[in-house]
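The paragraphs below lead from the overall fold to single residues. Please keep the sequence and the model side by side while reading.

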Amino acid sequence: MYYRADLKALLQNQEEQLLRPEIRTSKEALSQLLAADFFEFGSSGRVLYRGEEIDETGIGVVDMQLSDFEIKPLAEDVVLATYRIFNVEQKQSSLRSSIWKFQNNRWQLVFHQGTKTM
């Protein structure tokens with residue numbers, strides 16, 4: 001399907017897109033990246049569901065920097081991505097994990113979790 005390096009670059013790009021204001025504020029762009037059954041355990045403690053929490057204004061603008069991106073294939077069409085995020089505004093780091101699934105002829109995010117670090 002994909003070479004590992006190509007898939008890693010693709011998924012890192014998609015995770016970085018999810019940090020961009022023009023993507024986060026576009027319901028249409030988010031619907032391409034997030035699976036219909038997407039949900040998230042946020043570092044804030046909130047649980048976010050695509051169908052309930054994403055309105056016409058999207059999911060809000062953030063200033064975050066991604067680093068240490070890695071992937072681990074779980075199946076031919078399922079990949080676990082792990083990385084770090086630094087929230088510039090809050091000066092807070094967190095560990096992140098995402099599960100991406102190849103469906104609808106593209107990779108879509110089905111689950112995401114953020115855990116604050118000390």
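The secondary structure of this protein comprises four helices and six strands, where helices (H or I, at least four residues) and strands (E, at least two) are DSSP runs numbered from the N terminus. Read from the N terminus, the elements follow the order α-α-α-β-β-α-β-β-β-β. The model is a predicted one, in which local features need pLDDT of at least 70 and side-chain atom pairs count only at pLDDT 80 or more, while totals for chains, interfaces and linings use all residues. Residues are numbered from 1 along each chain as its sequence is written, and side-chain values use heavy atoms, with hydrogens and water left out.

Of the 118 residues, 35% count as buried, a term that stands for under 20% relative accessible area, with exposed meaning over 50% and partly exposed in between (1.4 Å probe, protein chains only). The protein exposes about 7,100 Å², of which carbon and sulfur atoms supply 49%; accessible areas come from the Shrake-Rupley method with a 1.4 Å probe, and for residues only the protein chains shown count as cover. Among the contacts (heavy atoms within 4.5 Å) with a separation of 6 or more, 48% are accounted for by residues 24 or more positions apart.

The buried residues of helix 1 are Leu 7, Leu 11, Gln 14 and Glu 15. Seen down the axis of helix 1, these buried residues fall within an arc of 100 degrees, so they line one face of the helix, the arc being that of the directions from the helix axis to the C-beta atoms. An α-helix has 3.6 residues a turn, so residues three or four places apart point the same way. The buried residues of helix 1 pack against helix 3 (27-33), strand 3 (64-75), strand 4 (78-87), strand 5 (92-103) and strand 6 (106-116).

Leaving aside residues up to four places away in sequence, Phe 69 touches Lys 8, Leu 11, Gln 12, Glu 15, Ala 81, Thr 82 and Tyr 83. In strand 4 lies Ile 85, which at 3% relative accessibility also counts as buried. With the neighbours up to four places away again not counted, the residues that Ile 85 touches include Leu 19, Met 64, Leu 66 and Arg 96. Ile 85 and Ser 67, 18 residues apart in sequence, are 6.4 Å apart in space, C-alpha to C-alpha.

Lys 91 lies in the loop between strand 4 and strand 5 and has a phi near 50 degrees, a positive value in a residue other than glycine; at 66% relative accessibility, Lys 91 counts as exposed. Asn 105, found in the loop between strand 5 and strand 6, has a positive phi of about 65 degrees although it is not a glycine, and at 72% relative accessibility Asn 105 counts as exposed.
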